[in-house]
Amino acid sequence: MNSVARIYHGAGSAVGQLIEVEGTRRVAAGEWVRILDARQPERRGQVIDASERATVVHVQQEMIGMSPAAADIVLTGRVSETVVGRDLLGRVLTGSGAPADDLPAPIGEAVRPIVGAAINPARRARPRDFIETGISAIDGLTTLVRGQKLPIFAGPGLPALDLAARIVAWARAPGEQDYAVIFVGMGITARETSAFLARLGEAVHSESLILYLNQASDPPVERLLAPKVALTQAEFLAYERGMHVLVVMADITHYCEALREMGAARDEVPGRRGYPGYMYTDLASHFERAGLIEGGAGSITQIPVVTLPDDDITHPIPDLTGYITEGQIVLSRDLHRRGATPSIDVLPSLSRLMSAGIGEGRTRADHREVSDQLYALYARGREALTMAAVVGMAGLTDADRRAADFSEKFEREFLTQTERRTIDETLDIGWRLLEAMPRNELSRIKPGTWAARDARRST
């Protein structure tokens with residue numbers, strides 16, 4: 001939309017930061033609005049609802065001191081747009097795309113509307129290429145595949161943002177030079193922002209990274225714009241410049257809270273636990289912008305971070321997210337308490353596209369067998385430790401005691417890490433742990449794989 005601006009004198013009503021303008025014509029959802037008052041600084045707003053009776057505008061700045069009835073409301077005729085281009089790489093921006101790094105506003109290569117669309121299913125290519133995050137629990141057992149949507153589920157207080165920072169700093173696409181990471185923060189506090197930037201260190205200025213930071217003190221409407229702005233930039237880099245883009249979004253729960261706040265302000269009929277009934281559609285409109293297009297050179301991969309309210313994985317936000325995405329990475333409060341960092345619980349974690357992205361020519365030929373064996377032994381060890389709490393270690397069989405010892409070593413040496421690891425380093429650590437066990441208890445490793453392993457060691 002790019003029509004002529006229209007000026008209306010005075011708002012019919014105002015509630016909080018919402019104003020209603022009656023008698024409007026040719027209004028588009030998302031259209032930008034200017035609110036002018038000779039006695040006050042200019043405000044900016046956006047159309048969030050349009051009907052025959054009235055248009056509802058959300059004003060981004062505080063309305064204190066302004067009389068909406070005496071203001072001029074200018075419908076600009078322009079929907080939300082953002083500057084996109086390669087020159088945004090290395091920048092830190094606000095949720096709306098404005099500079100947040102004391103540098104001039106980016107010029108960009110183009111201006112694009114931020115309201116995108118899901119990829120046509122008929123044109124989707126099947127994800128099949130590995131993305132190396134540098135984190136053993138993900139690369140080894142919950143492998144991320146290019147074009148996938150793989151969320152992180154974490155209870156309140158767990159270091160999900162720290163894990164996101166590690167992924168942003170460490171992620172690589174093996175064999176690919178044209179690779180970028182986009183991080184979009186939604187409703188994160190000033191303390192979380194500082195900790196996140198500190199964790200990134202010098203990577204903040206990387207020429208393959210863009211940060212969009214919406215803080216908790218910023219307007220809720222910007223929180224709703226932030227993922228759209230970031231994904232519009234990702235689409236430009238992926239589908240017009242042929243780059244492979246990883247988009248990390250934190251926190252989807254804050255985004256949904258802003259949706260609920262906006263819905264309540266508009267007197268909408270609430271759905272489950274007060275969230276809007278269209279929340280599933282809204283989340284899908286973001287998540288389904290990830291993927292690969294048949295015949296295209298680029299791709300978009302997403303890692304949304306979801307805080308579980310009250311540690312409830314059945315809450316509407318993680319529940320709906322799980323319907324749309326292809327697996328989950330789950331953080332454990334118990335592992336965090338025991339000092340495992342990152343505290344990823346691999347047992348409930350899952351990557352539904354893992355099989356498509358591992359094996360000969362992608363990671364390593366032994367990846368699947370090592371992953372399956374590590375998972376099986378760790379699961380048995382956890383069960384043995386639970387049983388030992390009842391009957392004591394002396395009441396366990398020798399095999400169960402070995403599995404219990406293995407699970408503790410697995411958490412200490414495989415899950416816990418402070419430095420980035422390549423996929424070869426991850427699988428080699430897995431082999432070292434497995435080789436300490438009797439071979440007759442490693443039923444997931446085929447004899448041919450053992451022979452290949454022995455041959456490599458002998459050379």
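1. I begin with E42, which is partly exposed at a relative accessible area of 45%. Its partner in a salt bridge is R34, with N and O 2.9 Å apart, and R34 is likewise partly exposed, its relative accessible area being 35%. Please keep in mind that this is a predicted model.

2. A second pair joins D37 to R39, where the closest N and O atoms of the salt bridge are 3.6 Å apart. Here D37 counts as buried, with 10% relative accessibility, whereas R39 is exposed, with a relative accessible area of 64%.

3. The salt bridge between D424 and R364 has an N to O distance of 3.3 Å. Because D424 belongs to helix α12 (residues 423-434) while R364 sits in the loop between α9 (354-357) and α10 (367-391), the pair ties together parts that are 60 residues apart in sequence. D424 is partly exposed at 37% relative accessibility, and R364 is buried at 16%.

4. What is the nearest side chain of opposite charge to K228, a buried residue without a salt bridge? It is D282, 4.8 Å away, and K228 is left without a salt bridge because that distance exceeds the 4 Å cut-off. K228 lies in helix α4 (residues 220-240), and a polar atom of its side chain is 3.1 Å from the backbone oxygen of L224. Leaving aside residues up to four places away in sequence, K228 touches I114, Y255, H286 and R289.

5. For context, a search of the whole structure finds 36 salt bridges.

Methods
Residues numbered from 1 in each chain as written. Predicted model: local features only at pLDDT ≥ 70, side-chain atom pairs only at ≥ 80, totals over all residues. Heavy atoms only, no water. Helix = DSSP H or I, 4+ residues; strand = E, 2+ residues; numbered from the N terminus. Buried < 20%, exposed > 50% of the residue type's maximum accessible area, 1.4 Å probe, protein only. Lys, Arg positive; Asp, Glu negative; His and termini not counted. Polar contact = N/O pair within 3.5 Å; in protein donor to acceptor, adjacent residues only side chain to side chain. Contact = heavy atoms within 4.5 Å.
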